[in-house]
Amino acid sequence: MNDREWILEVEDVAKAYTLGTVRLEVLRNIRWQVRRGEWAALLGASGSGKTTLLNLLGALERPDRGRICAAGTDYRTLSGRRAAVFRNRKIGFVFQSYCLLPELSVLENVMLPARMAGTAPGMAAERARELLVRVGLGDRLRHRPGELSGGEQQRASIARALINDPELLLADEPTGNLDAATGEEILALFQELRQSRLEGAMIMITHNEAIARRADSAMVLRNGVLTAG
């Protein structure tokens, strides 16, 4: 396969933390490749290292060893400032806890990453409005997050993750705080996004095998080791 078809390449990545006198090895010799246009699932029990791996893939942390290359960028070349710019422009994050700013309206929350990237206010607002309509929140633009249901807050966070048209979308248990029916609606939205985002890729952390089966591929993280699902 042509290397340009891989949007993510992870080679021999390891990560450990030191807690007092104890060294905790969280990830060992991680190898992973994700194609452009792919929906990949990352399965694992609580404490298996899934969130640590997602933080590494999102350039939020640095590995102790190994190479990560995403969207054509080798993370080893990134300073702290350049990593922040890269995350803002190339990676979209969807968190289990939504992470919306309570003092801002839904529209302002979605606009925020675009404004941080230097997009003019009018253009950022127009793009945010389009995305909110797309995720079914066209009538909630001026509401604060506290006035929305959990499912609506997650839809807003998905719109925010897409505002800068990222090449890599990382979702950490995006249905974890939702009831079954609302979670199903969010998964249907992800499926729609997967079908329309031909150039980008999506990686979703989950502990639910039924959710993972919806993805194009699945990997399982056990005791810091990654294997095919």
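Predicted model: local features only at pLDDT ≥ 70, side-chain atom pairs only at ≥ 80, totals over all residues.
Four strands form an open sheet in the order β2-β1-β4-β5, and their pairing is antiparallel. Two of these strands sit at the edges, β2 (22-35) and β5 (73-74), and each of them pairs on one side only. Helix α1, made of residues 50-57, packs on this sheet, where it touches β1, β2 and β4. The direction of α1 makes about 60° with that of β2. Strands in a sheet are held together by backbone hydrogen bonds, and the pairing can be parallel or antiparallel. Here, β1 (residues 6-19) and β4 (residues 65-70) run antiparallel and are joined by five bridges.

Now for a backbone detail. In most residues other than glycine, phi is negative. Asp 12 has a positive phi of about 50°, although it is not a glycine. Asp 12 lies in strand β1, and its relative accessibility of 30% means that it counts as partly exposed. Asn 223 also has a positive phi of about 50° without being a glycine. The setting of Asn 223 is the loop between β9 (217-222) and β10 (225-228). With 67% relative accessibility, Asn 223 counts as exposed, because the cut-off for that class is over 50%.

Next, turn to strand β8, residues 201-206. How many of its six residues are buried? Six of the six are, so the strand is mostly covered, buried meaning under 20% relative accessible area. Side chains in a regular strand alternate between the two faces of the sheet. In β8 both faces are covered: Ala 201, Ile 203 and Ile 205 are buried on one side, and Met 202, Met 204 and Thr 206 are buried on the other. Strand β3 (residues 39-43) pairs with β8 in the parallel sense over five bridges, and Trp 39 stands opposite Met 202. Strand β7 (residues 168-172) also runs parallel to β8 and is joined to it by five bridges. There, Leu 168 has Ala 201 as its bridge partner.

Finally, let us follow helix α5 and its two packing partners. The axes of α4 (residues 121-134) and α5 (residues 150-162) come within 9 Å and cross at roughly 135°, so the two helices are oblique to each other. α4 passes α5 in a right-handed crossing. On the α4 side the contact is made by Arg 127, Leu 131 and Leu 132, and on the α5 side by Ala 156, Ala 159 and Leu 162. By class, the residues of this contact are five nonpolar, no polar and one charged.

From α5, the contact is made by Gly 151, Gln 154, Arg 155, Ile 158 and Leu 162. From α6, Thr 182, Glu 185, Ile 186, Leu 189, Phe 190 and Leu 193 take part. The classes in this contact are six nonpolar, three polar and two charged residues. Leu 162 of α5 belongs to the contact with α4 and to the contact with α6.

Key: Residues numbered from 1 in each chain as written. Heavy atoms only, no water. Pairing = 2+ DSSP bridges. Contact = heavy atoms within 4.5 Å. Axes fitted to C-alpha atoms, helices over the stretch in contact; angles between N-to-C directions. Buried < 20%, exposed > 50% of the residue type's maximum accessible area, 1.4 Å probe, protein only. Parallel < 35°, antiparallel > 145°, perpendicular 65-115°, else oblique. Left-handed = near helix turned anticlockwise from the far one by under 90°. Nonpolar A, V, L, I, M, F, W, Y, C, P; charged D, E, K, R; others polar.
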